[in-house]
Amino acid sequence: MTPSLPNIELAANLDKDAKAELEALLGIWGSVSRRNRLLRDHYEGDARPEPLGICALPDSVKPEASNTWARKAVTSVSERCRFEGFAFKDEYRDAKLAETVRRNRLVTAVNRLAPSVLEAGCAFLTVGKHRGQPILRTRTVDTAVGDWDDAAQQLRGGLVVSATARTEWSPTAPVPVSAVLHLPRRRVLLERTGASSWRAQSDDHKMGRPMMEALVFRPSGLKPFGETRISGEVRWLADEANRIMEDMAVAAELFAAPQKYLLGLSAKQFKQMKKNKMPAYMGMMLLATQSEDGGTPAYGQLPATPPSAYVEVLTLLAKMYSASTGVPLSSLGIVADNPSSAEAIESAREDIITAAEDMIESLSQSLREVAVMAMAVGENKGPDDLTDEQLAVEASFADPARPSTAAQADASVKLAGAAPGFSMTDEFWKMNKFTQAQADSIKAQMADEQAARDASRLSQIAKLQTGGADTSVEVFEDEG
């Protein structure tokens, strides 16, 4: 999981302070790489349970069972964390930030990054500058690492692998060729010049903090980089489910073709049967002659364990998993004889919705910091030089409860009745599942139609006024 960066801490032109932070970051990366690899294997379904040491199966028997329980623990929450963009107070809009979000496809990038945040507990967003324009990039723990500053409650520094490529010293597999060391008042660009040689170049900035933000799930004082949804309990349950399914696969084979035996065979019969075990097993009729002493072979069959016993254990593991993660049993393929009502299903999802709300709370703060840095970079100033309207930026997310369209429409109409003018706000149209572009188009068309009605009314008033009082009376008399 840790990229190969040989001798990067010995890069040419790398000063003492930058080298110290770089070495600290490399040490952190190495200490968490094994854990990140374990989480990734479980997420991808590649993890295998450790043998208990009592299995009598030969090495040639490998059922290779797999499940997606660890992945479901992640996606059940990430699917409810949908970033929609940034919003400001008092209908203020920042055109440059909107263009930055659109050009960097930030909405899609953040939503794609959400599973990685929940898998490892954290991921990262970096802010850069290219030709005067802010560049926003998402980073997973595979390509980035951070160092937390408890006193400042933000990153002290961060290291990002910014590019990989095939080179003369690695013509077949891409290797890191450039990296960026993020420090509070500068970025150090590290360019690879050989198989184990690097060159450093500093680039100062005005942020007063590293231009890198950690996106975390449920951070705490002891775990500032958050916690993973693939907890030790989830990993154990997924491993045990794999073990049960592997045993069940073997048991199903033995149940379909149970072991049989023959006793009392002569030496000649034993030798012949040993050469033709399968034809003798599958034959409709088994023929045998008496032995010299008049005895006949005894035929029998060993009882096989039915798969239902394993299904019961798997169901118990699924219930434990559901209690730990909030994922409904139906999502694991466990169907009850008496299906739960819609209310019971929604109640069972409360733990997932709570987890999604916790995720949105931490992401909102991190994305706000990213938006502030992006606006500052775009205007070539420090964050403190931004206007109060810009500093009031907030990240906007969809409702994690994901109510139906009909329920949303009903709620929005009731709000519009209780609060006149609410139907003309962006929030009204968002509640009804319209995009910002659609809402702008609808409001523009409504404004045009209202302007046309006002113009027509003014035209009629003008005609009445130019006709004089008598004409006005005649008109009303004719109409009456």
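Mentor: Let's take the sheet, then the salt bridges, then a surface patch.
Mentor: This is a predicted model, so local features need pLDDT of at least 70 and side-chain atom pairs count only at pLDDT 80 or more, while totals for chains, interfaces and linings use all residues. Residues are numbered from 1 along each chain as its sequence is written, and side-chain values use heavy atoms, with hydrogens and water left out.

Trainee: Okay, in what order do the strands of the open sheet run?
Mentor: The order is β3-β2-β9, with antiparallel pairing. Strands here are DSSP E runs of at least two residues, helices are H or I runs of at least four, and both are numbered from the N terminus. Two strands pair if DSSP finds at least two bridges between them.

Trainee: Which ones are the edge strands?
Mentor: β3 (133-139) and β9 (212-216), each pairing on one side only. β2 (residues 122-130) pairs with β3 over 7 bridges, and Lys129 stands opposite Pro134 in β3.

Trainee: And which helix packs on the sheet?
Mentor: Helix α4 (residues 106-120), which touches β2, β3 and β9; contact means heavy atoms within 4.5 Å. The direction of α4 makes about 145° with that of β2. For such angles, axes are lines fitted to C-alpha atoms, for helices over the stretch in contact, and the angles run from 0 to 180 degrees between N-to-C directions.

Trainee: Switching to charges: how many salt bridges does the structure hold?
Mentor: There are 19, counting a side-chain nitrogen of Lys or Arg within 4 Å of a carboxyl oxygen of Asp or Glu. One of them joins Arg209 and Glu369 at 3.7 Å, N to O. Arg209 sits in the loop between β8 (197-204) and β9 and Glu369 in helix α10 (residues 350-378), so the pair ties together parts 160 residues apart in sequence.

Trainee: Is Arg209 buried or exposed?
Mentor: Buried, at 7% relative accessibility, whereas Glu369 is partly exposed at 22%. Buried means under 20% relative accessible area, exposed over 50%, and partly exposed in between (1.4 Å probe, protein chains only).

Trainee: What else does Glu369 meet in a salt bridge?
Mentor: Arg368, at 3.4 Å, N to O. Arg209, Glu213, Arg368 and Glu369 are linked in a network of salt bridges.

Trainee: Last one: which residues form the nonpolar patch on the surface?
Mentor: Trp236, Leu316 and Met320, with about 300 Å² of accessible area together. Leu316 is in helix α8 (residues 308-325). Patch members have over 30% relative accessible area and no salt bridge; like charges are joined within 9 Å, and nonpolar side chains (Val, Leu, Ile, Met, Phe, Trp, Tyr) within 5 Å. Accessible areas come from the Shrake-Rupley method with a 1.4 Å probe, and for residues only the protein chains shown count as cover.
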